[in-house]
Amino acid sequence: MKKIGIFLVALMLLFCLFASVSCGKGSSIFERGVWFKAEVLEVYEGGQGILVACIAEDGQTVTNDLISVNLSDVKNLPDIKAGDIVKIRHSGEIAESYPAQIFEVYEIKVIG
């Protein structure tokens, strides 16, 4: 019985070790958040936020889906300007307003 208990503890430790290892380019297998692609329409004064238009799966910009994105807590913020295409990872929570608002942003990447 002790051997089974020791084996299970070792197995759990091994799992925790692999779970904490990155799966390439800094993303963990347990990465939290939701990604979406968007076109930057405006960079707010002071660089604390941006206004974006969502890009649909077919690559078309959907200008009626505007989102105001708070960037004040983003680490390693890239240089963002109007016209850039970005991928944004956030908590998944979106304030129901117009434009919609995202406050908890984990990461943003300029992809075009």
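A salt bridge here is a side-chain nitrogen of Lys or Arg within 4 Å of a carboxyl oxygen of Asp or Glu. The structure is a predicted model, so local features need pLDDT of at least 70 and side-chain atom pairs count only at pLDDT 80 or more, while totals for chains, interfaces and linings use all residues. Residues are numbered from 1 along each chain as its sequence is written, and side-chain values use heavy atoms, with hydrogens and water left out.

By the salt-bridge rule, the count is three. Aspartate 84 pairs with lysine 81 in one of them, with the closest N and O atoms 3.5 Å apart. Aspartate 84 is buried at a relative accessible area of 7%; buried means under 20% relative accessible area, exposed over 50%, and partly exposed in between (1.4 Å probe, protein chains only). Another salt bridge runs from arginine 89 to glutamate 107, with 3.2 Å between the closest N and O atoms. That pair ties together distant parts of the chain, since arginine 89 sits in strand S4 and glutamate 107 in strand S6, 18 residues apart. Glutamate 107 also meets lysine 109 in a salt bridge (3.8 Å, N to O). Through shared partners, Arg89, Glu107 and Lys109 end up in one network. Within it, arginine 89 is buried at 11% relative accessible area, whereas lysine 109 is partly exposed at 34%.

As for the overall layout, the protein has one helix and six strands, in the order α-β-β-β-β-β-β along the sequence. Helices (H or I, at least four residues) and strands (E, at least two) are DSSP runs, numbered from the N terminus. Buried residues make up 25% of the 112 residues.

The largest nonpolar core has 17 residues, and Phe36, Ile50, Val52, Ile67, Val69, Ile88 and Ile108 have the most contacts inside it. Strands S1 (34-43), S2 (49-55), S3, S4 (85-90), S5 (100-102) and S6 (105-110) each supply at least two residues of this core. Such a core is a set of buried Ala, Val, Leu, Ile, Met, Phe, Trp, Tyr and Cys residues joined through side-chain atoms within 4.5 Å.

Serine 68 lies in strand S3 (residues 61-70) and counts as buried at 16% relative accessibility. Leaving aside residues up to four places away in sequence, serine 68 touches Tyr44, Ile50, Leu51, Pro99, Ala100, Gln101 and Ile102, where contact means heavy atoms within 4.5 Å. On the same terms, the partners of isoleucine 50 include Ser68, Ile88 and Ile108.
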